Amino acid sequence: MFSGGSYHEVERWLWNFLTSHAKHVNPRIEVALGAGDEGEGTSYAARLKLGARVSPVVEFDFSEVAANRGSLAWCAALAERTKRLARELVAQGAADARAR
């Protein structure tokens, strides 16, 4: 259904998808998405940001995202992975606040 697309179309879809699922955890979370280590046209690098806290980089291969973005099972797994990363980011902030 949504499989395929140009690099920029898939990038826009991935940003919207990650943002939507991260904001289910905390509406203040932002997604930074850019070209991955392999460069524009081949991969993406994503980070979640909450205030000054930043998640580790998550790399996505363009062809994998383009081929699987129409798969409900693949999207469900990515949604859960994104929410888990967002929950870890929120928990890190709570731990930092308790340490003060």
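A search of the whole structure, which is a predicted model, finds five aromatic pairs, where the rings of Phe, Tyr and Trp (its six-membered ring) pair if their centres lie within 6.5 Å, and planes under 30 degrees apart count as stacked, over 60 as edge-to-face and the rest as tilted. The rings of Y7 and Y44 have planes at 15° and centres 4.6 Å apart, so this pair is stacked. It connects distant parts of the chain, since Y7 belongs to helix α1 and Y44 to strand β2, 37 residues apart; helices (H or I, at least four residues) and strands (E, at least two) are DSSP runs, numbered from the N terminus. Y7 also forms a tilted aromatic pair with F62, at 5.7 Å centre to centre and 55° between the planes. This second pair again links distant parts of the chain, with Y7 in helix α1 and F62 in helix α2, 55 residues apart. Y7, Y44 and F62 together form one aromatic cluster. Y7 counts as buried because its relative accessibility is 9%, and F62 counts as buried at 18%, where buried means under 20% relative accessible area, exposed over 50% and partly exposed in between (1.4 Å probe, protein chains only). Y44 is buried as well.

In this model, local features need pLDDT of at least 70 and side-chain atom pairs count only at pLDDT 80 or more, whereas totals for chains, interfaces and linings use all residues. Residues are numbered from 1 along each chain as its sequence is written, and side-chain values use heavy atoms, with hydrogens and water left out.

Strand β2, which carries Y44, is mostly covered, six of its eight residues being buried. β1 and β2 run antiparallel and are joined by six bridges, and in this pairing A35 stands opposite Y44; two strands pair if DSSP finds at least two bridges between them. β2 also pairs with β4 in the antiparallel sense, over four bridges, with A46 opposite V58 of β4. A further antiparallel pairing, over two bridges, joins β2 to strand β3 (residues 53-54), where V54 is the bridge partner of K49. β2 and β3 form a hairpin with two residues between them, and G51 in the turn has a positive phi of about 60°.

Helix α1 (residues 7-25) has 19 residues and reaches 28 Å from its first C-alpha to its last, close to the 27 Å expected at 1.5 Å a residue, the expected span being 1.5 Å times one less than the number of residues. The buried residues of α1 are Y7, V10, E11, W13, L14, F17, L18, T19, H21 and A22.

The largest one has 26 residues, of which L14, Y44, L48 and F60 touch the most other members. The elements that give two or more residues to this core are α1, β1 (30-35), β2 (43-50), β4 (58-61), α2 and α3 (72-99).

Not counting residues up to four places away in sequence, L48 touches A22, I29, E30, V31, R53, V54, S55, T82, L85, A86 and L89, contact meaning heavy atoms within 4.5 Å. T82 lies in helix α3 and counts as buried because its relative accessibility is 5%; with the neighbours within four places in sequence left aside, T82 is in contact with L18, H21, A22 and L48. V65, in helix α2 (residues 62-68), counts as buried at 1% relative accessibility. Leaving aside neighbours within four places in sequence, V65 is in contact with V10, W13, L14, F60 and W74, while its C-alpha atom is separated by 9.6 Å from that of Y44, 21 residues apart along the chain.

E30 forms one with K23, the closest N and O atoms being 3.3 Å apart; E30 counts as partly exposed at 39% relative accessibility, and K23 as partly exposed at 28%. The side chains of E80 and R87 meet in the other, at 2.8 Å from N to O, where E80 is partly exposed with a relative accessible area of 39% and R87 is partly exposed with 40%.

Conventions:
Core = buried A, V, L, I, M, F, W, Y, C linked by side-chain atoms within 4.5 Å. Salt bridge = Lys/Arg side-chain N within 4 Å of Asp/Glu carboxyl O.
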